[in-house]
Amino acid sequence: MRWEGGRRSSNIEDRRGSGFGRPLAVGGGAASLVVALLVMLLGGDPSDVQIGSRTSPYSDPATGGSGNVDPQQEKMKDFASVVLADTEDTWPRLLEPQGVRYVQPRLVLFTDAVQSACGAQESAVGPFYCPGDQKVYLDLSFFDELESRFGAPGDFGRAYVIAHEVGHHVQNLLGISRKVQSLRNRTSEEQANQLSVLTELQADCFAGIWANHAQKDRNILEQGDVEEGLGAASAVGDDTLQKRARGYVVPESFTHGSAAQRMTWFKRGLEQGTLEACDTFNARQ
């Protein structure tokens with residue numbers, strides 16, 4: 001992915017090494033590991049997750065609470081700044097015909113745990129968007145996890161992660177998030193999960209929209225980049241994560257979509273590049 005010459009965003013809030021409390025955790029035992037795996041990758045509003053007090057299986061005892069920032073992460077910070085700037089250049093003109101003014105989100109970089117308008121969250125929840133403060137939160141160590149633990153290397157796969165969370169911001173600006181949350185509050189758990197899946201798949205599609213326009217306008221893609229993006233989407237499918245965590249799949253518990261669904265919708269946004277192409281709520285699944 002061609003990114004080194006790109007504009008850097010001024011909307012980076014670096015809280016790494018701030019020493020925010022002790023790393024928190026999601027529950028405990030095998031069941032909590034499944035929850036952590038499902039929530040940690042590209043979720044929406046993490047305030048739905050109940051935070052416990054046990055030590056996170058993803059916390060790094062070498063860095064937790066030390067306040068030290070790994071100098072090797074500086075390149076990834078630079079990369080994240082470029083991708084965020086690129087989304088800032090893409091979305092305003094796409095939302096203007098919808099009568100929506102694009103408000104630039106801030107990207108908060110943190111280590112181990114962070115305080116947001118959605119509550120205290122730890123690195124185990126992965127990158128997340130909080131509609132309450134319109135910020136994307138990212139522990140840069142997640143990119144290492146994406147490559148080493150989930151077998152999804154490459155810059156474009158990392159860019160997909162950021163663009164997906166910005167996709168949740170777009171949903172918030174369009175009023176989609178509010179409508180979905182209202183519906184979820186009035187439905188069964190299984191129906192709420194289905195709504196969550198449709199929301200996540202739309203954010204995948206929105207990430208594809210960004211890539212479509214970034215390629216047309218700034219020629220960012222290199223050979224193999226699309227495959228990297230699709231690989232990242234597949235790696236964070238609910239079925240992939242459930243098989244890894246417990247060896248079997250429970251489709252009714254999906255909250256983000258299967259690997260095939262996530263790849264399909266990301267690719268659809270990438271190929272068509274329109275908001276209309278990303279109406280997951282009215283599409284045949």
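Which residue in strand 2 is the bridge partner of D14? Select L109, which is the bridge partner of D14 in strand 2. This is a predicted model, in which local features need pLDDT of at least 70 and side-chain atom pairs count only at pLDDT 80 or more, while totals for chains, interfaces and linings use all residues. Residues are numbered from 1 along each chain as its sequence is written, and side-chain values use heavy atoms, with hydrogens and water left out.

**The sheet**

Strands here are DSSP runs of E with at least two residues, helices are runs of H or I with at least four, and both are numbered from the N terminus. Two strands pair if DSSP finds at least two bridges between them.

Now show the whole open sheet: four strands in the order 1-2-6-5, with mixed pairing. Strand 1 (12-14) and strand 5 (128-130) are at the edges; each has a single partner strand, so one side of each has no neighbour in the sheet. From one strand to the next, the twist averages 25°.

**Helices on the sheet**

Contact means heavy atoms within 4.5 Å.

**T90**

Return to helix 2 (residues 74-95) and select T90. Is T90 buried or exposed? T90 is buried, at a relative accessible area of 0%; buried means under 20%, exposed over 50% and partly exposed in between, with a 1.4 Å probe and protein chains only. Its side chain reaches the backbone oxygen of D86 at 2.9 Å. Leaving aside residues up to four places away in sequence, T90 touches W210, H213 and R218.

**Helix 7 and helix 9**

Finish with helix 7 (residues 225-235) and helix 9 (residues 259-272), which pack at about 145° with their axes 8 Å apart. Residues to show in this contact include V226 and L230 of helix 7, and M263 and F266 of helix 9.

How values were computed:
Axes are lines fitted to C-alpha atoms, for helices over the stretch in contact, and angles run from 0 to 180 degrees between N-to-C directions. A polar contact is a pair of N or O atoms within 3.5 Å; within protein, one must be able to donate a hydrogen and the other to accept it, and residues adjacent in sequence count only if both atoms are side-chain atoms.
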